[in-house]
Amino acid sequence: MLAARDWLWLRPWFPRRFGRLPVVRILARRTARDLFDLCAGFVYSQVVLAAVRLRLCDILAEGPLATAPLAARLGLNEEATRRLLDATDALGLTMPRPRGRHGLDELGLALVGSPQVAALIEHHALLYQDLADPVALLRGEAGETGMARFWAYARSESPSGVPDGRVADYSALMAATQTLIADDILTAHPPGRVRRWLDVGGGEGVFAAAVARRAPGARVTVFDLPAVAERARTRMAAEGLADRVGAVGGSFLTDPLPEGADVISLVRVLHDHDDAAVRTILAAARRALAPGGRLLIAEPMAGTRGAEPIGGAYFGFYLMAMGSGRARTPETLRQLLAEAGFSRITMADNHQPLLVRVCVAHAEAA
């Protein structure tokens, strides 16, 4: 069937003879729009970046404005402001309002309510620099990327020795975006009456703090590089959780994990690493878990229905620019977990599978 479709569409006479048929015309228009969006995607992203840097949505959240006063707030002339509004109207960030004013559309409202997304949009400016020559990136000829420098410990021979100044920006970004998913993960897999929870690669402790708030009787530990663990201690002290959320410094690739946790979580960790490293991390988690304990994995996964471009295209090239890792399917994760000695591996339903999916595996008692 697919071979026949390919053969027909590649014949030069096909559109001439059958292009006026309603079904073919609808398909052709949809294909043309999709193809144009592929070509124009970078321009769309730059329009969004301009809106974020100019704080367009924040300004319009105060109320609709006409072009002239909006231009003054943006620091643009009126012609540039109209051009920006034409673009943001088309992308669903803004919309015309009565009396020549503009206000927020649905995506603009969502952006104002999610400052973490704005931080991610700013971060993408670095990624786009690395993607300026995607063929060189694919061939390994791009040299050291900006993303690899940003993710300072990715290729370090001694990641535990990376100082705070090298991890600060990446840790701050991960902390900002962790709030987008923490509640969703813990709703899909509630902590219940867990006593000891270990969050491996837990960064500044945003997810660990969410666990502690949902499970008041639990002792929660963050395990991350020493410089990152110190940032977690500082954050937990500021949030009044230092007596219940601790942090241990080390590398999960070379150092043993603290033992005896009922639950170990890996939130957006495994997809940053290649298979060999993932096997090391899973084996370490299996050894560290208490008998009968659970491993909770939450991360973007390939093959997620409705999010195929996110796993296949976005994270494929994002992680290539970072220097390691890939989005994996649930089936691939199940195989890796089984190799590490886990059983009863299930996928939990969560509300935002486009951002992360949730997998739970058990370390059965001997």
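At 29% relative accessibility, Tyr-314 counts as partly exposed, a class that lies between buried (under 20% relative accessible area) and exposed (over 50%), computed with a 1.4 Å probe on protein chains only. This is a predicted model, in which local features need pLDDT of at least 70 and side-chain atom pairs count only at pLDDT 80 or more, while totals for chains, interfaces and linings use all residues. Residues are numbered from 1 along each chain as its sequence is written, and side-chain values use heavy atoms, with hydrogens and water left out.

Ring pairs join Tyr-314, Phe-315 and Tyr-318 into a cluster. Rings of Phe, Tyr and Trp (its six-membered ring) pair if their centres lie within 6.5 Å, and planes under 30 degrees apart count as stacked, over 60 as edge-to-face and the rest as tilted.

A search of the whole structure finds five aromatic pairs, among them the tilted pair of Trp-197 and Phe-207. Trp-197 belongs to strand E4 (residues 196-200) and Phe-207 to helix H13 (residues 206-214), so this pair ties together parts that are 10 residues apart in sequence. The rings of Tyr-314 and Tyr-318 also form a tilted pair, and the table gives the geometry.

| Pair | Centre to centre | Angle between planes |
|---|---|---|
| Trp-197 and Phe-207 | 6.3 Å | 55° |
| Tyr-314 and Tyr-318 | 5.6 Å | 35° |

Trp-197 is buried, at a relative accessible area of 2%, as is Phe-207, at 0%; Tyr-318 is buried too, at 8%.

Tyr-314 also belongs to the lining of the largest pocket: of the 42 lining residues, those closest to the pocket centre are Leu-120, His-124, Tyr-128, Ile-310 and Tyr-314. On a 1 Å grid over the protein atoms alone, a pocket is an open set of points where a 1.4 Å probe fits, with protein on both sides within 12 Å along at least five of seven lines, and lining residues have an atom within 4 Å of a point. The volume of the largest pocket is about 1,800 Å³, taken as the space filled by probe spheres set on the points. H16 supplies the largest share of this lining, nine residues. Domain 1 (18-113) and domain 2 (134-363) both contribute to the lining, so the largest pocket lies between them, with domain bounds from an automatic or database domain assignment.

Key:
Helices (H or I, at least four residues) and strands (E, at least two) are DSSP runs, numbered from the N terminus.
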